[in-house]
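Please have the sequence and the model open while I talk.

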Amino acid sequence: GAIARYKKLLDSNNIKLTVLLTPHNHNMLDGIDIDDYELFIRQLANITGFYNFMFYNKLTEDDCNYYETSHYRPHVGSLIVQVISGKSSQPSETFQYVSTSTMTSHVKFLRSNFLRVRGTIQ
């Protein structure tokens, strides 16, 4: 796919790629199909490691962090920059770093996280 081609091009030019999944507001997360999301996570982790902020947590469940469901406020952006630069003391409950070695446990976490918050059992 396109992401894999882009990653290969960057690697061949010695450019480091940092990928993150944005912390969407809980109202936007409610519309995500967990099966499709799991497939996407598996595919992405097989291409590159990435930071995942896109699950229900204290950041995404606080409407004060957002202008509306998809655009977060500047302090959230600053937090993300601190996390990906390694300068954050932010608890890992607001993000997880996902790689091929952590993908399976992360997918289990995501499914549990989504089903718990949505009040469904599977």
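A search over the whole structure gives 6 aromatic pairs; rings of Phe, Tyr and Trp (its six-membered ring) pair if their centres lie within 6.5 Å, with planes under 30 degrees apart called stacked, over 60 edge-to-face and the rest tilted. One of the pairs is Tyr51 with Phe95, tilted, at 6.2 Å centre to centre and 50° between the planes. Tyr51 is in strand β2 and Phe95 in the loop between α4 and β3, 44 residues apart. Helices (H or I, at least four residues) and strands (E, at least two) are DSSP runs, numbered from the N terminus. Tyr51 is buried at 17% relative accessible area, and Phe95 is buried at 15%; buried means under 20%, exposed over 50%, partly exposed in between, with a 1.4 Å probe and protein chains only.

Next, Phe55 and Phe109: the ring centres are 4.9 Å apart and the planes at 90°, so this pair is edge-to-face. Phe55 sits in the loop between β2 and α4 and Phe109 in helix α5, so the pair ties together parts 54 residues apart in sequence. Phe55 is buried at 1% relative accessibility, whereas Phe109 is partly exposed at 27%. Tyr51, Phe53, Phe95 and Tyr97 make up one aromatic cluster.

A word on the source: this is a predicted model, where local features need pLDDT of at least 70 and side-chain atom pairs count only at pLDDT 80 or more, while totals for chains, interfaces and linings use all residues. Residues are numbered from 1 along each chain as its sequence is written, and side-chain values use heavy atoms, with hydrogens and water left out.

Now the sheet. It is open, with 3 strands in the order β1-β2-β3 and mixed pairing; two strands pair if DSSP finds at least two bridges between them. β1 (20-21) and β3 (96-98) are at the edges with a single partner strand each, so one side of each has no neighbour in the sheet. β2 (residues 50-52) runs antiparallel to β3, joined by 3 bridges. Tyr51 is opposite Tyr97 in β3. Helix α3 (residues 34-45) packs on the sheet and touches β1, β2 and β3, where contact means heavy atoms within 4.5 Å.

Last, helix α5 (residues 103-118). Its buried residues include Met103, Leu110 and Phe114, and their cover includes α2 (26-29), α3, β2 and β3. Leu110 and Phe114 are also among the residues that Met54 touches. Met54 lies in the loop between β2 and α4 (74-84) and is buried at 12% relative accessibility.

Conventions:
Axes fitted to C-alpha atoms, helices over the stretch in contact; angles between N-to-C directions. Lists of a residue's contacts leave out its neighbours within four places in sequence.
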